[in-house]
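Thanks, everyone, for making the time this morning. Please have the sequence and the structure open while I talk.

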Amino acid sequence: MGVVGNLSSEQIEFFNSNGYIVIESFSSEEETKEMRDRMAELLQEFDGASSTVFSTKDHQQLKDDYFYKSAENILFFFEEKAYGEDGRLQQPKELSINKVGHALHELDPVFRKFSSSEKIKGLFFSLEYKRPTVIQSMYIFKQPGIGGEVVPHQDNTFLYTEPTTCTGLWLALEDATITNGCLWAIPGSHKDGLKRRMIRGESGTYFDNPPPIYDQRDFAPLEVKSGSLVVLHGNLVHQSFENLSSKSRHALSLHVVDTDGCTWSKDNWLASSSLNAYFTLYYVPAQI
């Protein structure tokens, strides 16, 4: 197979204890620039007509076929505050997009190259994944002045396997600070279990439990430089605040699940039939 683990025992211990690790200089300046430039090209090609608004505060929108179709496409989602009272964008489309998702890792060669790189494979080999599969990808802009809040959540809520196996990767494509909306996490919260699930029903998505109440004093900021990778346990509680600064905070997010010895839930928002559309990074067959 040829995959080699690239996390140290200290990093794995920190991850198991805290539910996250920060790997500085995971990507080079050239690699992050290549992804930013590629996204600029995709935005240039985007006509701005076919899209919708994305907000983590309103999941009623997830009954929208546009969102479901994004599982197997590269689609564009505008910021909640991008529009004025007249229904028009208040700034150029390039400064109005919340995110692009959710199949960049499969359909675009630049993002596919990063998502299937040896360093990504080595990371999951270190975490003892047997058959890691990239299930979704997002380019997140966190636009200056209007970059939307992402409320506290756990990734396993949205991408559920039995047993739970989701791990989030968050690559900073620009410096992420408290000022421009960096990630915040509750260290060790992954040990408290999954609090709720988002389920896809006939009329859209819904949560099986109300949102938990978290003490904001428990959150720690994860300020990182461009090129740093944040690895997030699927049960880790994390969030980010609005970006009210004049600087954007671009990032690439990947979510990976294990598909060996685990069952993909058929009532995830990303339908089970879509699972075959994504690629497996490697496979370690069981020892007989």
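This is a predicted model: local features need pLDDT of at least 70, side-chain atom pairs count only at pLDDT 80 or more; totals for chains, interfaces and linings use all residues.

Let me begin with strand E8, residues 167-172, where six of the six residues are buried, so the strand is largely enclosed by the rest of the structure. In general, side chains in a regular strand alternate between the two faces of the sheet. In E8, Thr167, Leu169 and Leu171 point one way, while Gly168, Trp170 and Ala172 point the other way, and all of them are buried.

As for its partners, E8 pairs with strand E13, residues 229-233, in the antiparallel sense over five bridges, and within that pairing leucine 169 has valine 231 as its bridge partner. E8 also runs antiparallel to strand E15, residues 251-258, to which six bridges join it, and there tryptophan 170 is partnered by serine 253.

Turning to helix H6, residues 118-126, the buried residues are Ile120, Lys121, Gly122, Leu123, Phe124 and Ser126; just after this helix, glutamate 128 takes a positive phi of about 70°.

Finally, arginine 196, which sits in the loop between strand E9 (183-185) and strand E10 (198-201). Beyond its neighbours within four places in sequence, arginine 196 is in contact with several residues, including Gln154, Thr157, Phe207 and Pro210.

Notes
Residues are numbered from 1 along each chain as its sequence is written. Side-chain values use heavy atoms; hydrogens and water are left out. Helices (H or I, at least four residues) and strands (E, at least two) are DSSP runs, numbered from the N terminus. Contact means heavy atoms within 4.5 Å. Buried means under 20% relative accessible area, exposed over 50%, partly exposed in between (1.4 Å probe, protein chains only). Two strands pair if DSSP finds at least two bridges between them.
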